[in-house]
Amino acid sequence: MNTSPPPGVAPADHAFFIDGPAGKLEVACDEAEPDVAPLDVVAVICHPLSTEGGSMHNKVVTMAARALRECGANTVRFNFRSVGHSEGAFDEGIGEADDLRAVVAWVRNKFPDKTLWLGGFSFGAFVSYKLAAELKPGLLLSIAPPVGRSWDFEDIAHPNCPWLVIQGEADEIVDAQAVKAWAEALKPPPELVSMPDTSHFFHRKLMDLRGAIKAGVRPWLPSA
């Protein structure tokens, strides 16, 4: 698999490796933007499907991380097993959940005084949702969760934390109506933001996504 970020997406400034359950995991940790008051928050963002080119350099992932840094959070992106320089083989979301556990354990050891937030895009939204009840983040951000595709969203424990779901209404990969029905059936339901005329990869809508994330998490920002 190509280990380089796609055109127009900057590589992580300080990529490094941590020990994962299937070998080393490639990680990038970025501080809050310098012109905002830093918050005691570190957000871990999970990338889309590994077998379809997903990586921590994905433009939706990097924009989500940027939006959260502009709110004052530190952000952590990482490559699941088999992606970029991370070792191991794709494992249908099972081993990838173990990868996320390892990254969160590293984050909590590195930043013991910061609140953990979790987020993910597409496949990454599924993995982070799957583990949210276990990992107990202060907030969950789910972008285009792949409801109705190959991933089983049934019988997953409710995160029991503030939860923002962002879904494009013109998503060609994830059924926006299925996401809406799923979200509305949850008790309590997440905060659902539907973005009109927006495709799965937020083509020409990345700045709108940035604004939706910043506005959506604002009510739950801890005091600076």
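**Exercise 1. Determine which residues of helix 1 and helix 5 meet, and describe how the two helices pack.**

Solution. The structure is a predicted model.

Step 1: list the contacts. On the side of helix 1, the residues are Lys59, Val60, Met63, Ala64, Arg66, Ala67, Leu68, Glu70 and Cys71. They meet Leu206, Met207, Leu209, Arg210, Ile213, Lys214 and Val217 in helix 5.

Step 2: sort these residues by class. The contact of helix 1 with helix 5 has 11 nonpolar and five charged residues, and no polar ones.

Step 3: state the geometry. Two packed helices are described by the angle between their axes and the distance between the axes. For helix 1 (residues 59-71) and helix 5 (residues 206-217), the angle is about 40° and the axes are 9 Å apart.

Step 4: name the arrangement. Helix 1 and helix 5 are therefore oblique to each other. The crossing in which helix 1 passes helix 5 is right-handed.

**Exercise 2. Carry out the corresponding analysis for helix 2 and helix 3.**

Solution. 

Step 1: state the geometry. Helix 2 spans residues 94-110 and helix 3 spans residues 123-135; they pack at about 60°, with a distance of 10 Å between their axes.

Step 2: name the arrangement. Helix 2 and helix 3 are therefore oblique to each other, and their crossing is right-handed.

Step 3: list the contacts. Helix 2 contributes Ile94, Glu96, Ala97, Leu100, Arg101, Val104 and Arg108. Helix 3 contributes Phe123, Val127, Ser128, Lys130, Leu131, Glu134 and Leu135.

Step 4: sort by class. The contact of helix 2 with helix 3 has eight nonpolar, one polar and five charged residues.

**Exercise 3. Locate Asp35, Asn74 and Pro196, and decide for each whether it is buried, partly exposed or exposed.**

Solution. 

Step 1: treat Asp35. This residue lies in the loop between strand 2 (23-30) and strand 3 (41-46). The cut-off for an exposed residue is over 50%; Asp35 has a relative accessibility of 67% and therefore counts as exposed.

Step 2: treat Asn74. This residue is in strand 4 (residues 74-78). Its relative accessibility is 9%, so Asn74 counts as buried. Not counting residues up to four places away in sequence, Asn74 touches Asp30, Glu31, Ala32, Val41, Val42, Ala43, Phe111 and Lys114.

Step 3: treat Pro196. This residue is in the loop between strand 8 (191-195) and helix 5. Its relative accessible area is 47%, so Pro196 is partly exposed. Leaving aside neighbours within four places in sequence, Pro196 is in contact with Glu169 and Lys205.

**Exercise 4. Describe the backbone at Pro188, Ala144 and Phe202.**

Solution. 

Step 1: inspect the peptide bond. The bond from Lys187 to Pro188 is cis, with omega near -5°. Pro188 is in the loop between helix 4 (176-185) and strand 8.

Step 2: inspect Ala144. Although Ala144 is not a glycine, its phi is positive, at about 50°. Ala144 lies in the loop between strand 6 (139-143) and strand 7 (163-168) and is buried, with a relative accessible area of 1%.

Step 3: inspect Phe202. This residue, other than glycine, has a positive phi near 55°. Phe202 is found in the loop between strand 8 and helix 5, and at 0% relative accessibility Phe202 counts as buried.

Conventions. Residues numbered from 1 in each chain as written. Predicted model: local features only at pLDDT ≥ 70, side-chain atom pairs only at ≥ 80, totals over all residues. Heavy atoms only, no water. Axes fitted to C-alpha atoms, helices over the stretch in contact; angles between N-to-C directions. Helix = DSSP H or I, 4+ residues; strand = E, 2+ residues; numbered from the N terminus. Parallel < 35°, antiparallel > 145°, perpendicular 65-115°, else oblique. Left-handed = near helix turned anticlockwise from the far one by under 90°. Contact = heavy atoms within 4.5 Å. Nonpolar A, V, L, I, M, F, W, Y, C, P; charged D, E, K, R; others polar. Buried < 20%, exposed > 50% of the residue type's maximum accessible area, 1.4 Å probe, protein only.
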